[in-house]
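Thank you all for coming. I would like to walk through one structure this morning, moving from charged pairs to the sheet and then to the packing around it.

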Amino acid sequence: PTDPRTGHVVPRPKGNLSEDFRSAPVFIMGKVIMVTGGTGLVGSAVKEVIDAENNAEEKWVYLSSKDGDLTNPADVEAIFEKFQPTHVIHLAAQVGGLFANMKHKVQFWRNNVAMNDNIFQECHKRGVEKLVSCLSTCIFPDKTTFPINETMIHDGPPHFSNEGYAYAKRMVDVQNRMYKSQYGCNFTAVIPTNIFGKHDNFHLEDSHVIPGLIHRGMNCLNEGKDFEIWGSGTPLRQFIYSVDLAKLMIWTLRSYEESDPIILSVGEEDEIAISDVAYAVAKAIGMPREQVKFDTSKADGQFKKTADNRKLRKYLPDFKFTPFEEAMDTTVAWFKENYDVPGAVRGAVAK
């Protein structure tokens, strides 16, 4: 059969299918939105927002690694065959900390390129109406001017430490433009700044700044120790709460029509010092402010990495971001409530 919306052939399901699977064509004339990496930090936030909407005209599918290996073309083909998506949000990626990125550059390049290529090919082949991929500000040139904006991605090499990951992600931007130019595909990408929220990776050694501080701060509180922060705490960063990002990604899927990427971030006026992040963590976990100490013998790192959100504000001038301390309180409450639940918190240490 042919899909009247796109003119593309709709493959028929094959094999011995379950009752649930055979009922899938009920949704074919509506929207079927498939989210890769659907159980992680951002995917879980998308699910939270969508569940609250309760939109009967959309069927959302959230993939995890259990659904298949996205680096394997046969697995990806089977996933698309099974769920028949009309729209895709592509969040899945091989990610890691500094050490992993430096040690395994080839694997970060190959696995991410393979994943992305398989997703792009299936979306094109099956006439998927919209594909939104997720990039990162770490793909921008190492030596650049600030604030960075969407036009500057390819202006110079990324930092050498994560070049495998960064170049693989940069190619998503190139693919979006090529697929639109050659085939008319409606593929695009978003570039969030530092994301935090529920369902983050809270590993003590291999996590981003906020989840790492939350976990370490809780340990210090429980052990009656000072909460020591490396550096002076003066560097500024832009943080986006995962639920806010989810809302903006859903808007991108439904309403943003450019193939060029869009930065999803709070503005420069909402940059926050690392010291204020530490104090917000302390307040949320119930630690006295005076227990937060700064080890100024340790290096601070880059003072600012400001991203320009003027393109977002052109489209959504009135979007309200969740206040930082409110988002922190919600994240910490979730961490505390779920820490002892087996498998609930990535990075939790079994007792």
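Let me begin with a definition: a salt bridge here is a side-chain nitrogen of Lys or Arg within 4 Å of a carboxyl oxygen of Asp or Glu. Please keep in mind that this is a predicted model, in which local features need pLDDT of at least 70 and side-chain atom pairs count only at pLDDT 80 or more, whereas totals for chains, interfaces and linings use all residues. Residues are numbered from 1 along each chain as its sequence is written, and side-chain values use heavy atoms, with hydrogens and water left out.

With that criterion, a search of the whole structure gives 18 salt bridges. Glu77, Glu81, Glu122, Lys125 and Arg126 are joined in a network of them. Within that network, glutamate 122 and arginine 126 form a salt bridge whose closest N and O atoms are 2.7 Å apart. Both glutamate 122 and arginine 126 are buried, where buried means under 20% relative accessible area, exposed means over 50%, and partly exposed lies in between, computed with a 1.4 Å probe on protein chains only.

Another salt bridge, at 2.9 Å from N to O, brings together the side chains of lysine 304 and glutamate 268. This pair links distant parts of the chain, 36 residues apart, with lysine 304 in the loop between strand E12 (292-295) and helix H10 (310-315), and glutamate 268 in the loop between strand E10 (262-264) and strand E11 (272-273). The helices (H or I, at least four residues) and strands (E, at least two) are DSSP runs, numbered from the N terminus. Lysine 304 is partly exposed at 23% relative accessible area, and glutamate 268 is likewise partly exposed, at 40%. In a further salt bridge, of 3.0 Å from N to O, aspartate 295 meets lysine 298; aspartate 295 is buried at 16%, while lysine 298 is partly exposed at 31%.

Let me turn to the sheet. Which order do the strands take in the open sheet of six? The order is E2-E1-E3-E4-E5-E10, with parallel pairing, and two strands are taken to pair if DSSP finds at least two bridges between them. Strand E2 (58-62) and E10 are at the edges with a single partner strand each, so one side of each has no neighbour in the sheet. On average, neighbouring strands of this sheet are turned by 20 degrees against each other, direction ignored; axes are lines fitted to C-alpha atoms, for helices over the stretch in contact, and angles run from 0 to 180 degrees between N-to-C directions.

Strand E3 (residues 87-90) pairs with strand E4 (residues 130-134) in the parallel sense over four bridges, and isoleucine 89 has valine 132 as its bridge partner in E4. Helix H5 (residues 105-125) packs on the sheet, where it touches strand E1 (31-36), E3, E4 and strand E5 (187-192), and its direction makes about 170 degrees with that of E3. Helix H8 (residues 242-255) also packs on the sheet, touching E1, E2, E3, E4, E5 and E10, with a direction at about 145 degrees to that of E4. Contact here means heavy atoms within 4.5 Å.

Leaving out residues up to four places away in sequence, threonine 252 touches Lys130, Val132, Thr188, Val190 and Leu264. Methionine 249, with neighbours within four places in sequence set aside, is in contact with residues including Ile89, Val132, Val190 and Leu264.

Finally, consider serine 232, which lies in the loop between strand E7 (227-230) and strand E8 (236-237) and is partly exposed at 26%. Beyond its neighbours within four places in sequence, serine 232 is in contact with Phe294, Thr296 and Asp300. The C-alpha atoms of serine 232 and serine 275 are separated by 7.5 Å, although these residues are 43 apart along the chain.
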